[in-house]
Each structure stands twice: as C-alpha cells, then as structure tokens.
Amino acid sequence: MTPDQKFARYVKISLVGFILLFVYFVVADMYLPVTPQARVYHPVVQVTPQVSGRVNQVLVNNNQAVNKGEPLFLIEAAPFQLAVEQAQLAFADAQLQNQRLDSSVKAIEAQLAAGNAKLHEQTLLFDRSESLLKKRSISEQEYETISANFQSSKANVAAIEAQLTEAKLARGQLGDDNLALRHAQNQLAQAELNLSYSTVTADTDGKVANLQVSSGTFASKGQPLLAIVANKADLVADFREKSLANFALGSRAKVTFDALPGQVFDANIGSFEAGVSDGQLSANGLLSSTENSNRWVRDAQRQRIHINLEQPQLLSKLPSGARATVQLLPESTIGQWCASAQIRLISLLHFIY
C-alpha cells in the first residue's frame, strides 16, 4: 500500500470516527444528557442584631459549628435592663392611677346618691307646694323658692352624673382589659423583648462564616455582622431545554463531585425550576424590548433542575458552591449502561483536573 493510499485510509477512518462521535454526541445530548453546570448550594442566613449597642463578648469563631438558638455574641444589656425597669415602674404607676380613679368614681357615686336623695326631697316639696298654691295656703314667693330649689337639685344631679360618666371613661374597663394597663404592659413587653435581643442567637444549624465582629464593636440594628451557612443543602443542575424533553420527576441520575473524584452517587430528579431570570419581565413603565442577535444559531437556553441524592447527608458535608457533574439516565438498559460509563469516565477525569 502506497503512502498516499495509507493517508487516504487514515483520512477516511478519521472522517468515519468524527461522524460517529458527532452522531453519538447529538444522540447523547437528547437521551444521555450530562452537564458540568451543577453546584451545591447551602442557604446562607445573615445574622443581624435587632437592637443597637456595644458588643461585650463574642462567643463563636469563624467556621465553628453552631446549633439553632445557640448564643453568638452579647450586646451590652445595661440600657435595656434600665428600659425594663422603667417600663415596670410605668406599669405600677398605671395600676396606682387606676386605684385613684376607682376611689374618685366611688366618691362621685356617693355624691350622686346624696344628690338623688336631695332631689327626691325637693320633688316632694315641689309637688306639695303646687297643691298648696292652688289652695292659696302659701305665697307665690314661697312657691318660687321651692321651685328654684327643685330645679337646682335636678341640675346638681345632672352635673354629678356627667362627672361620674367622665370618671368612668377615664378609669376605663376593669381588670387586665383596662386601656392604661394594656399600654403599660405593651411597653413592658417591648422592653423585655429588646433585652432578649441583646443576646444574638443562631437562627439555624450550620457553620459561622465571615465573622465581622469583636468585643467593643458597635452593633447597629439591621447591619449584618456575620453569616451562618446552614447544614441543609440543595444540588442544582442546569441543562439545555431539549436535553430535558425525555425526563420527568423521579427520573434516575448519577452525580460525581469535583471534590470526590472517582466516586459516583445515585440520585433522581427532585423538581424542575419554574423559570429563569431571562423569562422574567419587569413592569418598569417602559415598552418591552426585543432580543437582537445576528447569529444564525443562538445559544441554547438552559433550565434548572433540583437533584435528590440517595445519600442526602453527603451534601451537608460539602461546602456551599461545590461543583458537580450530573448525568441523567434514560429508561432503556443500554442507555443506562452508556450513561453510567460516561459519568464514570468523567469521575476519573476529575483526578486530573
């Protein structure tokens, strides 16, 4: 065989190999999809003080594991303790004020009873004077005096009743439903709540990260001072849209992590993301804009799916942002064998890169 014939044969073999690889990649992208665009995400909780004050003591270190409710740092509590004492005094003052108002109500009720008794006496005198006047047994001057006293008694009773109504309104309801007591109780509860906020605790189980506080630091309300990387984790993978056409919830998958080369883990599709940011329109008052592209074939849109590992505890051991490669498995036996071989090869390549 001449060199030209050998070269021609190598070219033909290369072309056939290229065509076979091309066909394989096209078919694999539809039925054996794999993506290196996968990450482990841990929820990150910002720890933000809910009151302002000087930090007295920091109880944790960076990367320290903490449990939910565990104290992280202490804010100087003296101002909040004084506020609690002030609120307690206000509550006691409200109780004392209610007692004064109760005494005032009783005194006015006694005045009203005396006024009603006087009015009753004047009513009898007035009725008797009218009959005596008709008989000319009393003078008109005496009758007018009696009538004036009767009207004065009526006005006095009305005035006392108004005072009693005003005193009862000032007193409010009896018991714990009294408005003044409720205001004082609310202020006391707020002061006690602020005092509890002087001990900043963890909102979730996880690890401390980016600790930016030390003793003497002034903590401002609403200003994050550290973060907690939660133990709970989620594995997400981005696939081209067409690659997901033949898969549904529960479809089997295999995963390999860059941090664990050579190891392949069983998994399944847990959920499909509802959408991506490219599919979100903002109502900003402007007209919608169209996509401009001169490319004949545009970049494929990727969709996100969530993967459930059959060993979920593994994710909690990996740091947030850990990279992974996800291989989806078709229903056919041959396809599963090819997909398993494909992800196994990728896991071995992680020893190199």
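User: In this predicted model, which kind of contact do the side chains of R304 and D238 make?

Analyst: The general idea is that a salt bridge is called when a side-chain nitrogen of Lys or Arg lies within 4 Å of a carboxyl oxygen of Asp or Glu. Here the side chains of R304 and D238 form such a salt bridge, with an N to O distance of 2.8 Å. This pair links distant parts of the chain, since R304 belongs to strand β13 (residues 302-309) and D238 to strand β10 (residues 234-240), 66 residues apart.

User: Are R304 and D238 buried or partly exposed?

Analyst: The two partners fall into separate classes: R304, at 27% relative accessibility, counts as partly exposed, whereas D238 is buried, with a relative accessible area of 19%. The cut-off matters for D238, because buried means under 20% relative accessible area.

User: How many salt bridges does a search of the whole structure find?

Analyst: The search finds three. One of them joins the side chains of K254 and D266 at 2.5 Å, N to O, and this pair again links distant parts of the chain, with K254 in strand β11 (residues 252-257) and D266 in strand β12 (residues 265-272), twelve residues apart. In this case K254 counts as buried, at 14% relative accessibility, while D266 is partly exposed, with a relative accessible area of 33%.

User: Which parts does the salt bridge between R54 and E76 tie together?

Analyst: The side chains of R54 and E76 meet at 3.7 Å, N to O.

User: Turning to a helix, what span does α4 reach, and what span is expected?

Analyst: The reading sets the distance from the first C-alpha to the last against the span expected at 1.5 Å a residue. Helix α4 (residues 179-197), with its 19 residues, reaches 27 Å, which is close to the 27 Å expected.

Note on methods: Residues numbered from 1 in each chain as written. Predicted model: local features only at pLDDT ≥ 70, side-chain atom pairs only at ≥ 80, totals over all residues. Heavy atoms only, no water. Helix = DSSP H or I, 4+ residues; strand = E, 2+ residues; numbered from the N terminus. Buried < 20%, exposed > 50% of the residue type's maximum accessible area, 1.4 Å probe, protein only. Expected span 1.5 Å × (residues − 1).
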